[in-house]
Amino acid sequence: ANALKQPAVAAAAMLGQDVRYEDLPYFYTDQYDLGMEYLGDVRDGYDQVAVRGDVEGREFIAFWLKDGRVQAGMNVNIWGVTDSIKNLIRSGHPVTAAALADASTPLDDLAG
């Protein structure tokens with residue numbers, strides 16, 4: 001994803017435009033029957049991890065939090081949640097680990 005998006009920003013910068021690449025760090029991988037997507041950045045650390053779903057069944061979302069705010073998220077064999085995770089991270093809205101773990105609460109409702 002970064003390799004597809006960064007060249008346009010680099011070209012604009014070389015042409016003198018005041019631009020920045022501001023997409024969240026992202027990667028994905030598919031390993032046999034296991035697919036994962038990771039968004040965010042925990043280089044500044046985290047103090048809590050919340051999990052929504054079935055870890056043993058390999059269908060879950062993990063969230064890394066710092067000071068009650070989502071810093072990163074990884075969905076494992078659960079699709080269509082990337083935008084919701086991105087919204088949670090970018091919102092900076094405080095959220096509890098219990099709310100993140102509660103599958104009955106839509107992720108979009110937690111972004112404030």
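**Salt bridges and nonpolar cores in a predicted model**

The side chains of lysine 5 and aspartate 23 form a salt bridge at 3.2 Å, N to O (a side-chain nitrogen of Lys or Arg within 4 Å of a carboxyl oxygen of Asp or Glu). This is a predicted model, in which local features need pLDDT of at least 70 and side-chain atom pairs count only at pLDDT 80 or more, while totals for chains, interfaces and linings use all residues. Residues are numbered from 1 along each chain as its sequence is written, and side-chain values use heavy atoms, with hydrogens and water left out.

**Salt bridges**
- The structure holds three salt bridges.
- Lysine 5 belongs to helix α1 (residues 2-14) and aspartate 23 to the loop between α1 and β1 (26-31), 18 residues apart; helices (H or I, at least four residues) and strands (E, at least two) are DSSP runs, numbered from the N terminus.
- Aspartate 33 and arginine 58 meet through their side chains in a salt bridge of 2.6 Å, N to O.
- Aspartate 33 lies in the loop between β1 and β2 (34-40) and arginine 58 in the loop between β3 (48-54) and β4, so the pair ties together parts 25 residues apart in sequence.

**Nonpolar cores**
- The largest nonpolar core has 18 residues, of which Phe63, Val70, Leu88 and Leu100 touch the most other members; such a core is a set of buried (under 20% relative accessible area, 1.4 Å probe, protein chains only) Ala, Val, Leu, Ile, Met, Phe, Trp, Tyr and Cys residues joined through side-chain atoms within 4.5 Å.
- Two or more residues each come from β4 (59-66), α2 (82-91), α3 (97-101) and α4 (107-110).
- A second, separate core of nine residues includes Tyr38, Trp64, Ala72 and Val76.

Conventions. Buried < 20%, exposed > 50% of the residue type's maximum accessible area, 1.4 Å probe, protein only.
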